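Open the model in your viewer and keep the sequence panel beside it. This tour says what to select at each stop and what is there.

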Amino acid sequence: MKNLPDQMYFMREALKEAEKARHSDEVPVGAIVVIENKIIARAHNMTQTLNDVTAHAEMVAITSASNYLNSKYLINCSLYVTLEPCVMCAGAIFWSQIKTLVYAASDLKRGFSIHKGILHPKTKVLKGEYEKESLKLLRDFFKSKRK
């Protein structure tokens with residue numbers, strides 16, 4: 001991305017959402033959707049809260065952004081997420097035609113990148129900042145669950 005300070009700002013905002021998830025006893029993943037440098041959707045994992053396995057941060061953010069824009073397509077939007085999206089979320093990113101996906105930490109077990117070609121061909125994918133912070137949130141969360 002051309003303007004790295006903006007990318008860092010938006011990823012920090014996604015991390016704030018991940019913290020909200022952690023405080024709600026959800027897996028700490030946060031996402032935001034941005035258009036023209038304006039945040040139009042904020043979300044965090046809500047699978048426990050909503051008793052819904054599809055309520056990942058990305059899915060909730062995409063739905064919120066689509067409602068905001070009154071469009072199922074998010075072709076001029078960027079999605080910032082603290083963890084690499086899973087295959088389900090990658091499908092939603094594909095169908096919504098998000099322009100840019102920026103994620104902080106890779107998910108080597110369940111991330112979309114282990115499957116080739118499942119994002120829309122026009123979606124630009126960037127590895128963002130704050131990987132260490134995102135991974136620490138996740139590790140601390142799962143460590144607390146094992147006690």
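Two residues are in contact when heavy atoms of theirs lie within 4.5 Å. This is a predicted model, in which local features need pLDDT of at least 70 and side-chain atom pairs count only at pLDDT 80 or more, while totals for chains, interfaces and linings use all residues. Residues are numbered from 1 along each chain as its sequence is written, and side-chain values use heavy atoms, with hydrogens and water left out.

**The whole chain**

Show the protein chain as a cartoon. Its secondary structure comes to 5 helices and 5 strands; helices (H or I, at least four residues) and strands (E, at least two) are DSSP runs, numbered from the N terminus. Along the sequence the pattern is α-β-β-α-α-β-α-β-β-α. The radius of gyration is 14 Å, close to the 15 Å that the globule rule gives for 147 residues, so the protein chain is as compact as a globular protein of that length. That radius is taken over C-alpha atoms, and the globule rule is 2.2 Å times the number of residues to the power 0.38. Along the principal axes, the C-alpha atoms fill a box of roughly 45 × 30 × 30 Å.

Now switch to a surface view. The accessible surface of the protein chain is about 8400 Å², and 53% of it belongs to carbon and sulfur atoms. Accessible areas come from the Shrake-Rupley method with a 1.4 Å probe; for residues, only the protein chains shown count as cover. Of the 147 residues, 46% count as buried. Buried means under 20% relative accessible area, exposed means over 50%, and partly exposed is in between (1.4 Å probe, protein chains only). Among the contacts in the protein chain with a separation of 6 or more, 58% are between residues 24 or more positions apart.

**Stop 1: His120**

Select His120, in the loop between strand E4 (100-105) and strand E5 (124-127). Is His120 buried or exposed? His120 is buried, with a relative accessible area of 16%. Apart from neighbours within four places in sequence, His120 is in contact with Phe94 and Gln97.

**Stop 2: aromatic rings**

A pair of aromatic rings is described by the distance of the centres and the angle of the planes. Rings of Phe, Tyr and Trp (its six-membered ring) pair if their centres lie within 6.5 Å; planes under 30 degrees apart count as stacked, over 60 as edge-to-face and the rest as tilted. The whole structure has 5 aromatic pairs. Select Tyr9 and Phe10: their ring centres are 5.3 Å apart and their planes are at 65°, so the pair is edge-to-face. Tyr9 is partly exposed at 36% relative accessible area, whereas Phe10 is buried at 4%. Next select Tyr103 and Phe112, an edge-to-face pair with 6.1 Å from centre to centre and 85° between the planes. Both Tyr103 and Phe112 are buried.

**Stop 3: two positive phi values**

Most residues other than glycine have a negative phi. Select Asn51, in the loop between helix H2 (47-50) and H3. Its phi is positive, near 50°, and Asn51 counts as exposed at 73% relative accessibility. Move to Tyr130, in the loop between E5 and helix H5 (131-145). Tyr130 is not a glycine either, yet its phi is positive at about 75°. Tyr130 is buried, with a relative accessible area of 16%.

**Stop 4**

Select Val60 in helix H3 (residues 57-69). Val60 is partly exposed, with a relative accessible area of 23%. Not counting residues up to four places away in sequence, Val60 touches Ala43 and Ala55.

Go on to Asn76, in the loop between H3 and strand E3 (77-83). Which residues does Asn76 touch, not counting residues up to four places away in sequence? They are Val34, Ile35 and Lys99.

Finish at Asp25, in the loop between helix H1 (4-23) and strand E1 (30-35). Asp25 counts as partly exposed at 43% relative accessibility. Beyond residues up to four places away in sequence, Asp25 touches Gln48, Phe141 and Lys145. Asp25 and Phe141 are 116 residues apart along the chain, and their C-alpha atoms are separated by 8.4 Å.
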